[in-house]
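Here are a few exercises to work through with the model open on your screen. Try each task before you read its solution.

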Amino acid sequence: YNALILVINKLENLISEFRDDIDVVEIGKWINRVLNSATNELEDLGDNYSKSSKGDEAIMCYKGAVKGFSIFIDLRPDESTNFAGLVIILNKLKNLKKWDEENIVKQIKSYSEKAINLISQSQKVSFPSKFGAMFKILGKLYESEGNITDAIVYFETSVAYFDKASENFTIEDISVYARLSNLYEKTGRYKDAILMWVKYMRLPAVKNNKESLDWGFFHLARLYEDWGKDKIAPNLFKYIISKRQPSHPEAHYRLAVLHMKCFDWESAIEVLQKKIPIAGNIPFSDYCYIGDCYKNMGNREQALELYNKAESLTPQGIPVLQRLAKFYEEQDNLDKAIEYVTKIISFADPNEVAADLIWRGILYKTKGEPDQAYKDCCEALKINPLSEKAQRLLNDLSDQIDIDKVETQINVLESSLSTLEDASTYKNIASSLLPKYIQSRKPDFATKALSLLNSIYSSDTAEYWFYKATILKEL
């Protein structure tokens, strides 16, 4: 490091001293050769320090390389390659997370713009891989900022430059092909995503690496699956399982799902049964899916056996408990259905069980126990005061038991309102509570409505005066 910095400083002094002679061919070539060598050596040294997790040393080297490129730019301000090289070094500094990131991003964009302007003027590029790297850096920056449109444009330009280069690239060098494919996928351009991914798979760094190519085929199959190509995707997953990765659990799972989408239950069962020995974890979900297949084939006994098997492996597994509850509900075995919904409620997040409480409430109502159903309905409303399903259940129950459903709703909404901190949710619940106060036709509630009114509507709105008039009428 010290020797290389000494060389760069010495060159800087020589350039300053002999600036008038720089255009002499021999002197210019010599300075270019030595400066280029020293700058590249500093960059390589910084890379090695960075790989060895020696960030401070890497920063010193990259800063030295930045100085080298700055001298190049001062000498040859019309050469776009120097600007591209500087952008690449600045990006390496940014990735170390120890420099002023906001400032360095501005520099990257500024130097990239200068390089792009020079390219547009000359239309000739000596080192396409450098520009491929520069445009990839720009694409990643804009992608991180959420500007997907510009990110795609820069990635496309990067790919075009890498296509022109003849070097043997690493997987990291050509990752731009994969990133571009992913952005095409995110924006719904599945055909473009697939074409770019196939192009990526054909690059030597991927094609000649079994692990990378295996992943490539799996991702390609997944792209076809997500695109809805239910004939091509299964064939690719079959190829992966039979020829490339016989022990790939997710490939088995996705193939089984595709069979199930086509109602080919027997093929799905066959694939899932092959997956179980290679899953590498407790295969309770596989037993659930096989159970689903048998249930859809009309073999309910076999389905129940598999659901029970899944429950024995994970007694607190919500998906299997849901299947068992639904199974018994469909069999009109309400006691068993209630038993399993109760297990779901006890094992799940208390803030996420409103739908399950309503489910159990409906089961109790069907069973002829409206009081229990009412309790579950009130608990569900405490978690989600605006639940339409709970409101419907409450209305149904008001015909079976002696309850004041309006006052019940008021109590629940008041309880929820007292614990809320989020302003928008507060306003939603308060807006639901206000008409309930008025609907009750009780002076005490009308008084509460009057005090609540100001927190919901502004006095310059029609709603404010309409509700105020209605409340005063009740008072």
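**Exercise 1.** Work out how the lining of the largest pocket in this predicted model divides into nonpolar, polar and charged residues.

*Solution.* Of the 26 lining residues, Glu43, Ile88, Lys92, Ala133 and Asp173 sit closest to the centre of the largest pocket. Now go to the helices: H2 (25–51), H4 (80–95) and H6 (128–144) are the elements that each give two or more residues to this lining. H6 gives the most, with 6 residues.

**Exercise 2.** Decide whether Arg254 is buried or exposed, then find the residue whose side chain makes a polar contact with the side chain of Arg254.

*Solution.* First, find Arg254 in helix H13, which covers residues 249–261. Its relative accessible area is 16%. The cut-off for buried is under 20%, so Arg254 counts as buried. Then check the side chain: Arg254 makes a polar contact with the side chain of Glu225 at 2.7 Å. Setting aside neighbours within four places in sequence, Arg254 is also in contact with Phe218, Arg222, Asp226 and Phe237, among others.

**Exercise 3.** Is Ser451 buried or exposed?

*Solution.* Pick out helix H24 (residues 443–453), where Ser451 lies. Its relative accessible area is 56%. Exposed means over 50%, so Ser451 is exposed. To finish, go back 17 residues along the chain to Leu434: the C-alpha atoms of Leu434 and Ser451 are 9.9 Å apart.

Methods:
Residues are numbered from 1 along each chain as its sequence is written. This is a predicted model: local features need pLDDT of at least 70, side-chain atom pairs count only at pLDDT 80 or more; totals for chains, interfaces and linings use all residues. Side-chain values use heavy atoms; hydrogens and water are left out. Helices (H or I, at least four residues) and strands (E, at least two) are DSSP runs, numbered from the N terminus. Buried means under 20% relative accessible area, exposed over 50%, partly exposed in between (1.4 Å probe, protein chains only). On a 1 Å grid over the protein atoms alone, a cavity is a set of points where a 1.4 Å probe fits but cannot get out, and a pocket is an open set with protein on both sides within 12 Å along at least five of seven lines; lining residues have an atom within 4 Å of a point. Ala, Val, Leu, Ile, Met, Phe, Trp, Tyr, Cys and Pro count as nonpolar, Asp, Glu, Lys and Arg as charged, and the others, Gly among them, as polar. A polar contact is a pair of N or O atoms within 3.5 Å; within protein, one must be able to donate a hydrogen and the other to accept it, and residues adjacent in sequence count only if both atoms are side-chain atoms. Contact means heavy atoms within 4.5 Å.
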